[in-house]
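Please look over the sequence and the model before going on.

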Amino acid sequence: MSVMALSQKKIKKTKIWLISGLLLVLLALVAYTFLYLKHDATMTDVGNRLASPSWEHPMGTDHLGRDVLTRLLLGFRLTVGYSMIALAAAVIIGVPFGLLAGLRGGWLDRVFMRIADGFLAFPDTVIAIVLSGLLGPGIGNLLFAIVLVKWVNYARMVRSTVLTEVQKDYITIARINGLSTFTIMRKHLLPHIIGNVLVLASLDFGKIILLISSLSYIGLGAQPPTPEWGAMLNESRPYFQGNPEMMVYPGLAIVAVVLVANVLGDYLRDKFDVKKEVQP
Amino acid sequence: MTVIEINHLKKSYNPDKLAVNDVSLSIEEGESLGLVGESGCGKSTLARCLLGVERVDGGSITFNEKPLANANRKDLRDYRRNVQTVFQNPTASLNPKLKIKDSLLDPYLQFQNELQLEHFHFTSKQAFVEQLLEIVELPKELGDRYPHELSGGQKQRVTIARAISIEPKLIVLDEPTASLDVLSQGAILELLATLQKSLGMSYLFISHDLAAVYQLCQRIAVMKDGELLDMFQKEDIYNSRRHEYTKELIGIF
Amino acid sequence: MILSIKDLTVSHGEKTIVDKVSLTIDKGEWFALVGQSGSGKTMLSQAIGQLLGPNLSASGSVNYQGANILVRPKTEMNELRGKAISYIFQDYHGSFTPFLTIQQHMDEYLQTHGVKEKQKRNSMIIEALESVGLDDSFVKRYPFQLSGGQLQRASIALALLLEPDILIADEATTALDSVSAHRILSLLQELQQKTGCAILFITHDWRHVVRYADKIAVMKDGKVIETGTKQKLVHQPEHAYTKQLIQAAPTLPMRVREVSKS
C-alpha cells in the first residue's frame with residue numbers, strides 16, 4: 001500500500017511541476033508580447049521574406065516578411081482569448097439551463113433532452129463546420145457555432161448531477177425546510193457541479209483551441225492577415241517543403257497549450273474530489 | 001395542548017391500494033408518539049405526508065388548530081419552522097460537499113428572522129454551531145469537517161442537532177436508528193430522550209423496532225397495511241385488550 | 001463436533017483482520033457470532049468457505065471431517081460448498097441474478113452439484129420452496145417480484161437444498177425489518193430442527209441471539225473476547241464489552257422475565 005501511495009504522490013508532484021512549468025513559460029511569453037513587442041504582426045516586408053532566425057527575428061520571418069515570433073505571441077492572445085470567450089459563454093448558458101432542466105423537469109426537460117440528443121448525434125467538428133459554413137467564414141460566426149455546440153455538454157452534465165442529487169434525503173430535508181429552488185441550487189447543488197464543470201471546461205479548452213485552429217486552417221475561422229495559429233498553419237502550407245519551421249512553430253504552440261489544459265483538467269479532477277484522501 | 005392532529009388521512013400511489021388508509025392520530029405537546037409497523041405498512045408514507053413531501057389524497061392535517069389545507073404562505077412557513085425531521089440514512093441526509101457547520105445552519109439561516117430561541121444564546125454563528133455540537137455530545141471541532149470524515153452515529157447526531165437547532169414543536173423521526181450499528185443505536189435513543197427532556201419538543205418516532213419505540217415513547221400506535229390497528233399508552237402494552245397483531249409484535253421482542 | 005476452527009487468522013497485507021480465532025461448532029447447534037461492523041466476523045465466516053477476496057490471506061486451520069479445509073484445492077472446495085457448508089448473506093438482492101427465475105437459480109445449483117434427472121430436480125425445488133413457506137407460484141417468478149423477506153426465504157431454500165452440515169448466515173436478517181427478521185429466524189430454527197444442520201449465525205443484534213442461539217461468541221477488533229453457552233453469556237457476561245452490547249439493544253420489560261425463566 002505504501003509503495004502505491006508513494007508512486008501516486010510522485011505522479012501528483014510531477015503533474016504539479018509540469019503545469020506550473022508550462023504555465024510559467026506561457027505567461028512569460030504573454031508578458032513578452034506586452035513589454036517587448038518590436039514588430040507589427042501584419043507589417044509585411046517582402047524584401048526580407050522567409051528569413052532565417054536572427055537577433056532581429058528570433059523565429060525568422062514568413063512568406064510576406066512578417067516576424068513569426070510576434071505573430072505567434074499575438075496569436076496566443078487571440079486563440080486563447082477566443083477559446084475562453086467561447087468556453088465562458090457555453091458554461092454560462094449551459095449550467096443554469098442544466099440546473100433548471102434537472103430541478104424543474106417537465107416540458108422544459110423534455111425539450112432540452114431532444115435538443116441535446118440532436119447535437120450529440122453528430123461530432124462537434126461536423127456541426128461546427130456546417131454552422132460556420134452556413135453563416136459564412138469569420139471568427140465571430142465560428143465562436144457562435146462553437147458555443148452552440150458546446151453548451152449542450154454542460155447542460156447535460158449538470159442535469160444528470162442534479163437528477164442524482166435531488167433524490168437524496170438532504171435535498172428533501174432542504175425542501176421540507178422551505179428553502180427556495182434558487183437557494184437549493186446555490187447552496188446544495190452548485191458545490192457538486194462546480195468541480196465537474198471546471199474539469200470538463202479545462203478539457204474542453206484544449207478541444208476548442210483545436211477546433212478554432214482547425215476551422216481557421218480550412219479557412220472558416222480567422223481570416224488572413226489575423227495571426228491566429230490555425231490560420232498561420234494554413235498560410236504556411238505552400239512553404240512546407242522549403243521552410244517547415246513556419247508550420248512547426250504554430251503547431252508546437254497549439255500542442256503546448258492543449259497539453260497544459262489537459263494536465264490542468266486532470267489536476268482539477270483530483271483536487272475537487274473531497275473524498276479522495278480517505279479512500280484506500 | 002395538541003401540537004398536531006391528523007384526521008382520516010388517506011394517501012395512495014396506485015388506484016387499487018391505499019398506502020395510508022383513514023389514519024387519525026394526534027400528538028400532544030412534549031409527548032413522544034411511537035408508530036410501529038413492518039416495512040411497507042405505510043408509516044413512512046404517513047411521515048412524508050406530514051412533512052409535506054407527499055400530497056395527501058384525503059383527510060386533513062391540523063397544526064396549532066389551523067388546517068394545513070387552507071394555510072396561507074405565512075402559516076405554511078410557520079408550520080415548516082415547527083416541524084423538523086431526522087431520516088433513517090444519515091449519510092444521505094447530509095450534503096457530502098458541505099462542511100458540517102454549513103449543513104447544521106441550514107434551517108437556522110432559513111428562519112432566522114422569525115426565530116426567538118429559548119435555549120440557545122450566542123453572539124456568532126460559530127458559537128451557535130459549537131453549542132449545537134456540544135448538545136449532541138460531539139467535539140466542537142467537527143464543524144469544520146466534511147460528512148465522510150464522520151462515523152454513521154456521529155452523522156446521525158449532526159442531523160439531530162440540525163433538527164433541534166430552530167427549536168421546533170415536533171420532530172418526525174423516521175427510523176433514525178435503523179442504519180446504525182448496535183452500540184450507536186442505544187446511544188442515539190438515549191440522546192433523543194435527553195434532548196426531549198431539556199428542550200421539550202414532541203416526537204413522532206417511526207420504527208419497526210417495538211422495543212426501541214417502547215424505550216423512547218409514552219404512547220404507541222401500530223400500523224399494518226396502511227391502517228392504524230392499535231394505539232395505547234406504554235404502560236398498557238401487556239393489556240389483554242391489545243390487538244392480535246400488536247401481541248404478535250410483542251412476541252417478537 | 002462438526003467444525004473446529006483453530007488459530008484462524010485473516011490478514012490484508014500487514015493488517016490483521018481476524019486474529020487467532022478458535023471456535024468449535026457442534027452438530028446441529030445454533031452458534032451465534034456477535035460483533036459490531038468491522039469486528040472481523042464476516043471475514044471469519046468467509047475464510048471458512050475459502051470465499052475471501054484476492055488481497056486477503058488466511059492461516060490457521062478449519063477442520064471439517066478430520067481434515068483442514070483451509071488448504072483444500074479450489075475445485076474440491078466448490079464441491080464442498082453447498083453440500084457441506086452453505087451460505088446466506090445480508091444482501092439478498094445480490095444473491096440472485098435479476099434475469100433468472102427462482103427455479104432457474106435452483107435448477108442450476110442442483111445441476112452443478114450433479115443431480116442429473118430433471119424430474120427429481122423439479123420436485124426437490126418445489127419441496128424446498130414449500131419448506132420455507134413459498135408456494136409453487138413463486139417458482140416462475142423473477143427476483144424483483146419478491147419482497148425482501150420472500151427473497152431471503154428463497155435464499156434459505158437454496159442454501160438448504162443439498163442438506164449441508166452447516167449453514168453460515170451472515171447478517172441474514174439485518175436488511176429486513178424486525179417483523180420479517182423474526183419470521184426468518186423462526187423459520188431457520190424450524191428447519192434446523194428438521195434437518196439437523198448446524199448454524200453459524202453472524203449478527204450485530206444481541207436480541208437475535210438471545211432467543212435462538214445455543215452458544216455465543218463475542219467478537220471485537222478481530223478477536224473473540226468471550227465465548228460460552230447462551231445461559232452463561234446472557235446471565236453472567238464477564239467482559240465489559242459484552243455487557244455493553246447487551247445493554248445497548250433496547251428490550252421490552254417482558255423479555256427480561258422470559259429469559260430469567262428459562
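Which residue of chain A forms a salt bridge with B:D106? The partner is A:K187, and the closest N and O atoms are 2.8 Å apart. A salt bridge here is a side-chain nitrogen of Lys or Arg within 4 Å of a carboxyl oxygen of Asp or Glu.

This is a predicted model, in which local features need pLDDT of at least 70 and side-chain atom pairs count only at pLDDT 80 or more, while totals for chains, interfaces and linings use all residues. Residues are numbered from 1 along each chain as its sequence is written, chains are lettered from A and ligands numbered from 1 in the order in which they are written, and side-chain values use heavy atoms, with hydrogens and water left out.

**Where chain A meets chain B**

- The contact (heavy atoms within 4.5 Å) takes 18 residues from chain A and 24 residues from chain B.
- About 2,000 Å² is buried between chain A and chain B, and carbon and sulfur atoms give 61% of this area. Buried area is the accessible area (1.4 Å probe) that two parts lose on being put together, summed over both.
- A:I176, A:N177 and A:K187 supply 31% of the area that chain A buries against chain B, more than any other three residues.
- Between chain A and chain B the count is 1 salt bridge.
- Across the interface of chain A and chain B, 10 residue pairs are in polar contact, both residues being at pLDDT 80 or more. A polar contact is a pair of N or O atoms within 3.5 Å; within protein, one must be able to donate a hydrogen and the other to accept it, and residues adjacent in sequence count only if both atoms are side-chain atoms.
- On the side of chain A that touches chain B, helix 6 (169-176) and helix 7 (181-217) each supply at least two residues. Helices (H or I, at least four residues) and strands (E, at least two) are DSSP runs, numbered from the N terminus.
- Helix 6 of chain A gives the largest share of that side, 6 residues.

**Salt bridges within chains**

- Over all chains, the structure holds 33 salt bridges.
- In chain A, A:D117 pairs with A:R114 in a salt bridge, with the closest N and O atoms 3.3 Å apart. Both lie in helix 3 (residues 106-120), 3 residues apart, about one turn of the helix.
- In chain B, the side chains of B:E114 and B:R77 meet in a salt bridge of 2.8 Å, N to O. The pair links distant parts of the chain, 37 residues apart: B:R77 is in helix 2 (residues 73-82), and B:E114 is in the loop between helix 4 (100-111) and helix 5 (125-135).
- In chain C, C:D26 and C:K215 meet in a salt bridge of 3.9 Å, N to O. C:D26 lies in the loop between strand 2 (15-25) and strand 3 (30-34) and C:K215 in strand 9 (residues 215-220), so the pair ties together parts 189 residues apart in sequence.

**A buried threonine in chain C**

- C:T242 lies in helix 9 (residues 240-248) of chain C.
- C:T242 counts as buried because its relative accessibility is 0%. Buried means under 20% relative accessible area, exposed over 50%, and partly exposed in between (1.4 Å probe, protein chains only).
- The side chains of C:T242 and C:E226 are joined by a polar contact of 2.8 Å.
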